[in-house]
Amino acid sequence: MTIKEVKDKKIWENFLLAQKEKTFCQSWDWGEFNEAMGDRVWRLAAFDGSNIAVVFETIKISARRGKFLFVPHGPVFSAERKNAKEIISAILEHLKTMAMAEGASFIRISPILIKTELNEKIFKEIGFRPAPIHMHPELTWELDITQSEEAILKNMRKTTRYLIRQAE
């Protein structure tokens, strides 16, 4: 497993577009936004041979509680998602080295994974623990907006429809 920085937006975005589980928090543009806000950003990929197995955009955050490295809604695994524990361990070792060089106090990873016993076990065995606060929503819902507005409202609770109409 080799970890390298990805400097080509097209390679990064093409990998992400091919994955089902992803959010904008790992997009190239989100990294540029964070850079514009003054944060340092690395776009890193774990390679299995010549193929990208995982990408993980990493942001150095300077907050009151200290400096830390943050991987929002990542790492993003390729569709195969083989050797997850091995890959996350390699990512952690790489991030530890980066954290020491950057003067960061801790590393925070908030992956978009289904909450299963296996997924929790992987992170626990590597040494991670649940964070005391959330930086981004941990639970999100999706709404199919290809339906008509009338159909969307019809599928909502009565009180939700009422509040939306009241706001209009």
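**Exercise 1.** Work out how α3 passes α4.

*Solution.* α3 passes α4 in a right-handed crossing (the near helix is turned clockwise from the far one by less than a right angle). Helices here are DSSP runs of H or I with at least four residues, strands are E runs of at least two, and both are numbered from the N terminus. The model is predicted: local features need pLDDT of at least 70, side-chain atom pairs count only at pLDDT 80 or more, and totals for chains, interfaces and linings use all residues. Residues are numbered from 1 along each chain as its sequence is written, and side-chain values use heavy atoms, without hydrogens and water.

Next, take the axes. Those of α3 and α4 come within 10 Å and cross at roughly 40 degrees. (Axes are lines fitted to C-alpha atoms, for helices over the stretch in contact; angles run from 0 to 180 degrees between N-to-C directions.) That makes α3 oblique to α4 (not under 35, over 145, or 65 to 115 degrees).

**Exercise 2.** Find which residues in α3 meet α4.

*Solution.* On α3, they are Ala84, Lys85, Ile88, Ser89 and Leu92. Their partners in α4 are Ile122, Phe123, Glu125 and Ile126. Contact means heavy atoms within 4.5 Å.

**Exercise 3.** Is Leu92 buried or exposed?

*Solution.* Leu92 sits in helix α3. Its relative accessible area is 8%, so Leu92 is buried (under 20%; exposed is over 50%, partly exposed in between; 1.4 Å probe, protein chains only). Leaving aside neighbours within four places in sequence, Leu92 touches Ile107, Ile126 and Phe128. The C-alpha atoms of Leu92 and Ile61 are separated by 17 Å.
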